[in-house]
Amino acid sequence: MKRLVSIMVVLAFCLSAPSVMAYERIPDSVSYNGILPDGTSIYENDLPEKINVPQNQEVSPLVFIGYNYVPGYEELKNRTYVHEYAYIWGTSVNFDEGASPYYKVSTRKWTTEENEWNIRVQGSGDFDIKAVKASLLLEGDYHNTETASIEVNEEWYCEFDSPGLYELTWYMRGHKYDAYCGGEYITTDMNDGRFTKVYLGTVTFATKEIHFDISKI
């Protein structure tokens, strides 16, 4: 039976002052070629829920013109994770059987990214998209931009079952949602002025969260 050798890599981010101690940072998500050591998928809890729009909100107006925006009903639903929203930094390391390498990085790496808005409103009407975006930011407690960083003096640990060449990559993780707001129909029939929750599309927010990816080449 082939003997598996466990190899631990310690990535230490050290400050120049020798009296400062290193501390361990746990990533917000980790992938080992998509499978964790216990054989379970890291994505089982990240699957999006089905979008459920109540049937009583479905209408078929005679002539649909657009919507008037009704403030105060912004909503973010069905959060999923974009694990590789933005690249921060990466390196590759080759491990020989029986080796226990120590890898040290002494510089800070970071990326600052904007949110990705894929929203629009069908038809015409009094609809302030800027106001909708601002309200959605408040709803989710996000900012227009965000910075994810790997700091000096952090330590990152990972274990491997077999020798080989591995890529270690750090990413900013994004939060993706379906976006809704309040609106009133503009039509030429009896539905004119009727309130509804308007589906706007999707938005992905930049975060401080880190996704750590370990892949064997």
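Isoleucine 65 lies in strand E4, residues 64-95. Strands (E, at least two residues) and helices (H or I, at least four) are DSSP runs, numbered from the N terminus. At 36% relative accessibility, isoleucine 65 counts as partly exposed. Buried means under 20% relative accessible area, exposed over 50%, and partly exposed in between (1.4 Å probe, protein chains only).

This is a predicted model, in which local features need pLDDT of at least 70 and side-chain atom pairs count only at pLDDT 80 or more, while totals for chains, interfaces and linings use all residues. Residues are numbered from 1 along each chain as its sequence is written, and side-chain values use heavy atoms, with hydrogens and water left out.

**Surface patch**

- Leu62, Val63 and Ile65 make a nonpolar surface patch of about 280 Å².
- Patches take residues with over 30% relative accessible area and no salt bridge; like charges are joined within 9 Å, and nonpolar side chains (Val, Leu, Ile, Met, Phe, Trp, Tyr) within 5 Å.
- Accessible areas come from the Shrake-Rupley method with a 1.4 Å probe; for residues, only the protein chains shown count as cover.

**Aromatic pairs**

- Rings of Phe, Tyr and Trp (its six-membered ring) pair if their centres lie within 6.5 Å; planes under 30 degrees apart count as stacked, over 60 as edge-to-face and the rest as tilted.
- By this rule there are 13 aromatic pairs.
- One of them joins phenylalanine 64 and tyrosine 67, and it is edge-to-face because the ring centres are 5.1 Å apart and the planes stand at 65°.
- Phenylalanine 64 is partly exposed at 28% relative accessible area, whereas tyrosine 67 is buried at 11%.
- Tyrosine 180 and tyrosine 199 have ring centres 5.2 Å apart and planes at 55°, so this pair is tilted.
- That pair links distant parts of the chain: tyrosine 180 is in strand E10 (residues 164-187) and tyrosine 199 in strand E11, 19 residues apart.
- Tyrosine 180 is buried, with a relative accessible area of 4%, while tyrosine 199 is partly exposed at 40%.
- One aromatic cluster is formed by Trp117, Tyr142, Tyr177 and Phe205.

**Charges over rings**

- A charge sits over a ring if NZ of Lys or CZ of Arg is within 6 Å of the ring centre and within 35 degrees of the ring normal.
- Lysine 77 lies over the face of tyrosine 180, 5.5 Å from the ring centre.
- Arginine 173 places its charged end over the ring of tyrosine 81, at 4.1 Å from the centre.

**Salt bridges**

- Side chains of opposite charge can pair when their charged atoms come close.
- A salt bridge is a side-chain nitrogen of Lys or Arg within 4 Å of a carboxyl oxygen of Asp or Glu.
- The count by this rule is four salt bridges.
- Lysine 197 bridges to glutamate 75, with the closest N and O atoms 2.7 Å apart.
- Glutamate 151 and arginine 108 form a salt bridge at 2.9 Å, N to O.
- Glutamate 151 is in the loop between strand E8 (145-150) and strand E9 (154-160), and arginine 108 in the loop between strand E5 (102-105) and strand E6 (109-114), so the pair ties together parts 43 residues apart in sequence.
- Glutamate 151 is partly exposed at 25%, as is arginine 108 at 35%.
- Arginine 173 also meets glutamate 209 in a salt bridge, 2.8 Å from N to O.
- Arginine 173 is in strand E10, and glutamate 209 is in the loop between E11 and strand E12 (210-216), 36 residues apart.
- Arginine 173 is buried, at 8% relative accessible area.

**Buried positions and their contacts**

- Contact means heavy atoms within 4.5 Å.
- Valine 132 is in helix H1, residues 129-140, and is buried at 0% relative accessible area.
- Beyond its neighbours within four places in sequence, valine 132 contacts Tyr69, Glu74, Phe127, Cys181 and Leu200.
- Valine 132 and alanine 179 are 47 residues apart in sequence and 9.7 Å apart in space, C-alpha to C-alpha.
- Threonine 202 is in strand E11, residues 195-205, and is buried at 17%.
- Leaving out residues up to four places away in sequence, threonine 202 touches Glu116, Trp117, Asn118, Ile119, Lys176, Tyr177 and Asp178.
- Histidine 83 is in strand E4 and counts as buried at 11% relative accessibility.
- Histidine 83 and tryptophan 170 are 87 residues apart in sequence and 9.8 Å apart in space, C-alpha to C-alpha.
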